[in-house]
Amino acid sequence: MDHDSRARLLAMAGELRPELHRYCARLMGSVIDGEDVVQDTFTKAILALDDLEEIPLLRPWLFRIAHNRALDLLRSRAIRAAEPIEAADEVADQTTPDPVEMLMRQEAVKTAVSRFTELPILQRSVVILKDVLDEPLAEIAAVLDLSVDAVKGHLARGRARLREINARAHLVPLAQPVSAAVAHYVQLFNQRDWDGLRALLADDVRLHQSLHPPRMGAADVGMFFTIYARSKGVQLAPAWLEGREVIAVFEHPDDPKPGHFMWLEWRDDRIIFIHDYRYVRYVTADAELALAPDAPELF
């Protein structure tokens with residue numbers, strides 16, 4: 001594949017990142033793990049381009065890579081549920097779906113990302129692709145290597161099970177008190193004490209921001225705060241997401257909810273890893289961020 005074709009393909013692929021993330025996050029049950037799968041998908045796709053003689057149909061090709069990568073991770077965690085393929089229920093695939101179809105899709109879209117993991121893997125994949133991303137049944141069958149009838153069967157059973165899951169689920173994610181380390185980090189940031197923040201970095205600290213090369217070492221990662229120093233209205237608040245203590249980032253005093261978040265890893269009261277999702281805001285769109293109950297007033 002020549003350089004220009006490769007560049008055009010990668011540009012087109014980049015536009016699919018938000019939709020790939022919507023799929024992968026629900027498949028993994030985590031917006032953070034979903035973004036890791038998207039990153040891995042693009043790495044694998046870029047490496048595969050060198051062996052391609054012609055440009056593939058981009059959307060199904062990327063979704064298939066993402067699906068297989070997610071399955072590999074799910075298998076490694078030993079949480080994949082086996083499910084036999086049964087006789088297919090009749091499921092419409094109309095250009096204009098009936099009201100029942102629309103209600104099912106609305107329920108899937110509103111369902112918390114984490115709840116999808118309670119579905120067996122094929123039900124999960126089919127419901128996400130059909131009801132969240134509105135993919136045609138034939139294309140779902142191609143991505144998952146199933147017959148259309150099998151797709152219909154998994155969809156009917158998955159929808160029924162998802163309704164049961166939503167009926168018994170907690171509506172509000174639970175948050176926990178703020179740790180001393182995160183509270184101190186947030187306080188220093190909101191006070192614009194950049195030197196104080198840099199003093200928290202371990203010598204071997206790493207920074208990961210999707211779409212950008214990683215930074216390593218205290219000197220290089222310290223530039224991270226220089227970038228935020230240019231944004232006068234940014235304020236942080238302790239929060240919880242998927243059982244992880246994270247930091248919600250509000251970019252303007254009038255914002256009703258955070259624009260993105262960051263997640264820190266610590267060792268002996270020093271920061272060893274900063275995961276910042278500033279450049280992939282689609283991750284936050286599906287995130288169930290819960291501000292810590294004892295978070296201070298921001299503005």
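## A briefing on a predicted model

Arg-198 and Asp-195 sit 3 residues apart in helix α10 (residues 194-198), which means about one helical turn separates them. They make a handy way into this structure, which is a predicted model. The protein has 13 helices and 7 strands, and 48% of its 299 residues count as buried.

- Arg-198 and Asp-195 form a salt bridge, with their closest N and O atoms 3.4 Å apart.
- Arg-198 is partly exposed at a relative accessible area of 30%, while Asp-195 is exposed at 59%.

**Other salt bridges**

- The count of salt bridges comes to 13.
- Salt bridges with shared partners tie Glu-19, Arg-59 and Glu-135 into one network.
- Within that group, the side chains of Glu-135 and Arg-59 meet at 2.4 Å, N to O.
- This pair links distant parts of the chain: Glu-135 lies in the loop between α6 (121-132) and α7 (137-144), and Arg-59 belongs to helix α4, 76 residues apart.
- Glu-135 is buried, with a relative accessible area of 8%, whereas Arg-59 is partly exposed at 22%.
- Asp-286 forms a salt bridge with Arg-26, and here the closest N and O atoms are 3.0 Å apart.

- The 7 strands form an open sheet in the order β2-β1-β6-β5-β4-β3-β7, with mixed pairing.
- Its edge strands, β2 (215-216) and β7 (290-291), each pair on one side only.
- Strands of a sheet pair through backbone hydrogen bonds, either parallel or antiparallel.
- For β4 (residues 244-250) and β5 (residues 260-267), the pairing is antiparallel, over 3 bridges.
- Ile-247 stands opposite Met-262 in β5.
- Helix α9 (residues 180-190) packs on the sheet and touches β3, β4, β5 and β6 (270-276), its direction making about 155 degrees with that of β3.
- Helix α3 (residues 31-49) lies across β1 (201-209), β3 (235-241), β4 and β5, and runs at about 90 degrees to β5.

**Nonpolar cores**

- In soluble globular proteins, nonpolar side chains tend to be buried together.
- The largest nonpolar core here has 61 residues, and the members touching the most others are Leu-20, Tyr-23, Val-31, Leu-62, Leu-129, Leu-144 and Phe-261.
- Helix α4 (residues 58-76) gives the largest share of this core, 10 residues.
- What does Leu-144 contact, leaving aside neighbours within four places in sequence? Its partners are Tyr-23, His-67, Ser-125, Val-126 and Leu-129.
- A second, separate core holds 26 residues, among them Met-262, Ile-271, Ile-274 and Ala-292.

**The protein as a whole**

- Among contacts between residues at least 6 apart in sequence, 68% join residues at least 24 apart.
- The protein exposes about 14,900 Å², and carbon and sulfur atoms supply 53% of that area.

How values were computed: Residues numbered from 1 in each chain as written. Predicted model: local features only at pLDDT ≥ 70, side-chain atom pairs only at ≥ 80, totals over all residues. Heavy atoms only, no water. Helix = DSSP H or I, 4+ residues; strand = E, 2+ residues; numbered from the N terminus. Buried < 20%, exposed > 50% of the residue type's maximum accessible area, 1.4 Å probe, protein only. Contact = heavy atoms within 4.5 Å. Areas by Shrake-Rupley, 256 points an atom, 1.4 Å probe, with all protein chains shown as cover. Pairing = 2+ DSSP bridges. Axes fitted to C-alpha atoms, helices over the stretch in contact; angles between N-to-C directions. Core = buried A, V, L, I, M, F, W, Y, C linked by side-chain atoms within 4.5 Å. Salt bridge = Lys/Arg side-chain N within 4 Å of Asp/Glu carboxyl O.
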